[in-house]
Amino acid sequence: MRQIRFDEIVDAVSGLAAACVRLSASAKRAMAAACEREECAYAKAALDMLIKNAELAESERLPVCQDTGMACVFVKLGQDVHIEGGLLKDAVDEGVRRGYAKYGCRASVLDPITRVNTGDNTPAILHVELVKGDRMEITLLPKGFGSENMSKLYMLTPAEGIEGVKRSVIAAVKAAGANPCPPIVVGVGIGGTAERAMLTAKEQLLREVGQPSEDAFLADLERQLLDDINALKIGAQGFGGGNTALAVHIGKYPTHIASLPVAVNIQCNAVRLERTVL
Amino acid sequence: MDAKILNLPCNKEALAGLKAGEYVLICGTLYTGRDAAHKRILDAIQSGAPLPFGLEGQGIYYVGPCKKDGKIISAGPTTSYRMDGYAPELYARGVAVTIGKGDRSDEVRNAIKNFGGVYLAATGGAGALYAKAITSCEVVAYDDLGTEAVHRLRVENFPAIVAIDSEGNSIYER
C-alpha cells in the first residue's frame with residue numbers, strides 16, 4: 001500500500017490549472033495545419049487569430065478563453081494507493097480552487113436552481129476509475145459550455161445500425177452549427193447505458209487531437225465522419241470553409257440487446273488538457 | 001484585412017454603410033451583458049425600474065470576462081443565441097449593436113432589420129487577444145452577478161465582423 005498525501009493531490013491539481021493558459025500541443029499542431037490548408041478567407045482569418053491568441057495566452061499566462069469551463073477531472077487511481085489526510089474529492093476541489101484563482105479564471109460555476117455562483121469554480125466534475133498499481137494519474141479538462149451545451153444523446157434502435165450512428169453524429173454537429181466554436185473535436189460514445197455513452201464520448205476528448213482509435217473499425221469510422229463533417233462547410237466560427245472539425249474520436253462499450261446508444265460531446269477549438277502522475 | 005472603424009455609441013445612420021462580411025474595428029464604449037444581466041434588464045424594463053445604462057445607440061458585448069487585479073485578462077464572446085429572447089426588445093429600445101458569436105434567430109434578424117441595428121461576430125476562443133483591445137473596465141450594475149455583472153468597457157480597435165447587417169443580410173446564410 002502506497003500513501004499519497006491530500007496536499008500532494010491539491011498541489012498536483014492546482015498545477016494542472018495551467019491548462020487554462022495554454023492550448024494542448026496536439027491542438028496547436030492541428031490548428032496550424034487547418035489554417036495552412038483553409039481556402040475560405042473569413043475562416044482562415046479566424047484560424048490565424050486563434051493561433052495568435054494561443055501564442056499570446058501562453059507567453060503572458062492569460063486564459064486562452066474567458067470560459068475556463070467546468071473543471072472536469074479524471075483520476076485513474078491505483079488500487080494499492082491509500083489517500084491520507086482527507087477525501088480525494090476535497091483535494092481535487094481545493095486544487096481547482098487554488099489553480100483557477102492563480103490564473104485569474106472567472107467564477108463560472110453556480111447552483112442550477114438559485115443561480116447563485118459558488119465563487120471559486122468548485123465543485124469540479126470528478127470521475128474516478130480504479131486501476132491496477134500504486135500510482136495516481138490525474139487529467140484536467142477545463143470544459144467550456146458553448147460546446148458542452150451542444151451535447152446530444154440518441155438512444156437508437158439496433159435496426160438503425162452504423163448508418164444510424166453516422167446520421168446521429170452528423171445531426172448533432174449540424175444542429176450545433178457555429179455555436180460550439182469550430183473547429184471542433186467531436187467525441188462520440190457508442191454503446192453502454194445513457195450515462196456510460198456520454199462518459200465514453202467525453203473520455204474521447206482526452207486523446208491527443210487526431211490520434212486514431214486503436215480499433216481498426218472505429219478508426220475508419222472516425223476518418224469517414226471527419227470527411228462528412230467537414231463537407232458540411234460550417235467551417236471555423238461558422239464562417240464556411242473545410243475546417244468544421246479537427247478530429248472525430250470514437251469510443252465504444254458493450255450495450256444491451258435492445259439498444260444502440262450514441263452520445264456526442266463536442267470540444268471547442270480551445271483544447272486545454274493537462275495530465276500528471278503521482 | 002481591410003477594416004472600417006466603428007465608433008460606439010453611434011447614430012444608427014452610421015450603421016447603414018456596414019455590410020455583412022465587412023471587418024470593423026470598434027473604438028469607444030461597450031457594455032457587457034450575458035444571460036443573467038439580460039434577464040435583469042428586461043425585468044427592469046417591464047417594471048419601469050431604472051436601467052443600468054441608456055440604451056440609445058449603444059453596443060452590448062455578450063461576454064463574461066476573466067479579471068485579475070481589476071484588469072480584464074481574457075474576454076472573448078459567448079454564444080449569442082442564448083440572448084435571442086431578449087435582443088429584439090433591446091434593439092427596439094435603441095440598442096445599435098450586439099456582439100457575440102454564432103447565428104441569431106429569425107426574430108433577432110427581423111428586429112435588426114426593422115430597427116436598423118447590426119450584429120457583429122467576434123472570434124470565439126480568442127479571449128486573450130480581445131482583452132488587449134480593452135483599455136479600461138468598470139462594473140456599472142448588478143455587481144452581485146460577478147463575471148455576469150454589467151461592465152462598461154473602453155475599447156480600442158476591437159476586431160469583429162459584420163455578421164448581420166442593417167438590411168438583414170447574414171454571413172451565416174449559405
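This note sets out points on the sheets, helix packing and chain contact of a predicted model.

1. **Confidence.** The model is a prediction, and its overall scores are ipTM 0.95 and pTM 0.95. For chain B, the average pLDDT is 96, and 99% of the residues score at least 70.

2. Four strands of chain A form an open sheet in the order 4-2-5-10, and their pairing is mixed. Strand 4 (125-131) and strand 10 (274-277) of chain A are the edge strands; each has a single partner strand, so one side of each lacks a neighbour in the sheet. From one strand to the next, the twist averages 15°. Within this sheet, strand 2 (residues 70-78) of chain A runs parallel to strand 4 of chain A, and seven bridges join the two. Lys76(A) is placed opposite Glu129(A), a residue of strand 4 of chain A. Helix 1 (residues 6-16) of chain A packs on the sheet, where it touches strand 2, strand 5 (136-143) and strand 10 of chain A. The direction of helix 1 makes about 40° with that of strand 5 of chain A.

3. **Helix 1 against helix 4 of chain A.** Helix 1 of chain A also packs with helix 4 (residues 88-102) of chain A, at an angle of about 40° and with the axes 7 Å apart. That angle makes helix 1 of chain A oblique to helix 4 of chain A, and the crossing is right-handed. Helix 1 of chain A contributes residues including Phe6(A), Ile9(A), Val10(A) and Val13(A) to the contact, while those from helix 4 of chain A include Leu88(A), Val92(A), Gly95(A) and Arg98(A). By class, the residues of this contact are 10 nonpolar, four polar and three charged.

4. **Helix 2 against helix 3 of chain A.** The axes of helix 2 (residues 25-37) and helix 3 (residues 41-60) of chain A come within 9 Å and cross at roughly 150°. The two helices are therefore roughly antiparallel to each other. Helix 2 of chain A passes helix 3 of chain A in a left-handed crossing. On the side of helix 2 of chain A, the residues in contact are Lys28(A), Met31(A), Ala32(A), Ala34(A) and Cys35(A). They meet Lys44(A), Leu47(A), Asp48(A), Leu50(A), Ile51(A) and Ala54(A) of helix 3 of chain A. Eight of the residues in this contact are nonpolar and three are charged, with no polar ones.

5. **The sheet 6-9-7-8 of chain A.** Another open sheet of four strands in chain A has the order 6-9-7-8, with mixed pairing. Its edges are strand 6 (152-156) and strand 8 (245-253) of chain A, each of which pairs on one side only. Direction ignored, neighbouring strands of this sheet are turned by 15° against each other on average. Strand 7 (residues 184-191) of chain A pairs with strand 8 of chain A in the parallel sense over eight bridges, and Gly187(A) is opposite His249(A) in strand 8 of chain A. Helix 6 (residues 161-176) of chain A packs on the sheet and touches strand 6, strand 7 and strand 9 (260-267) of chain A, its direction making about 30° with that of strand 9. Helix 7 (residues 194-203) of chain A lies across strand 6, strand 7, strand 8 and strand 9 of chain A, and runs at about 35° to strand 9.

6. **Strand 9 of chain B.** Strand 9 (residues 150-164) of chain B is joined to strand 2 (residues 23-32) of chain B by eight bridges, in an antiparallel arrangement. Here Val24(B) stands opposite Ala160(B). Strand 7 (residues 118-121) of chain B is likewise antiparallel to strand 9 of chain B, with three bridges, and Leu120(B) faces Val162(B) as its opposite residue. Six bridges link strand 8 (residues 134-141) of chain B to strand 9 of chain B in the antiparallel sense, with Ala141(B) opposite Val150(B).

7. **Contact between the chains.** Contact between the chains involves 33 residues of chain B and 34 residues of chain A. On the side of chain B, the elements giving two or more residues are strand 4 (66-68), strand 5 (71-74) and helix 4 (127-132). Helix 4 of chain B supplies the largest share of that side, four residues. The residues on this side of chain B comprise 16 nonpolar, 12 polar and five charged.

Key
Residues are numbered from 1 along each chain as its sequence is written. Chains are lettered from A and ligands numbered from 1 in the order in which they are written. This is a predicted model: local features need pLDDT of at least 70, side-chain atom pairs count only at pLDDT 80 or more; totals for chains, interfaces and linings use all residues. Axes are lines fitted to C-alpha atoms, for helices over the stretch in contact, and angles run from 0 to 180 degrees between N-to-C directions. Angles under 35 degrees count as roughly parallel, over 145 as roughly antiparallel, 65 to 115 as roughly perpendicular and the rest as oblique. A crossing is left-handed if the near helix is turned anticlockwise from the far one by less than a right angle, and right-handed if clockwise. Two residues are in contact if their C-beta atoms, placed from the backbone, lie within 7 Å. Ala, Val, Leu, Ile, Met, Phe, Trp, Tyr, Cys and Pro count as nonpolar, Asp, Glu, Lys and Arg as charged, and the others, Gly among them, as polar. pLDDT is the predictor's confidence in each residue, from 0 to 100. Two strands pair if DSSP finds at least two bridges between them.
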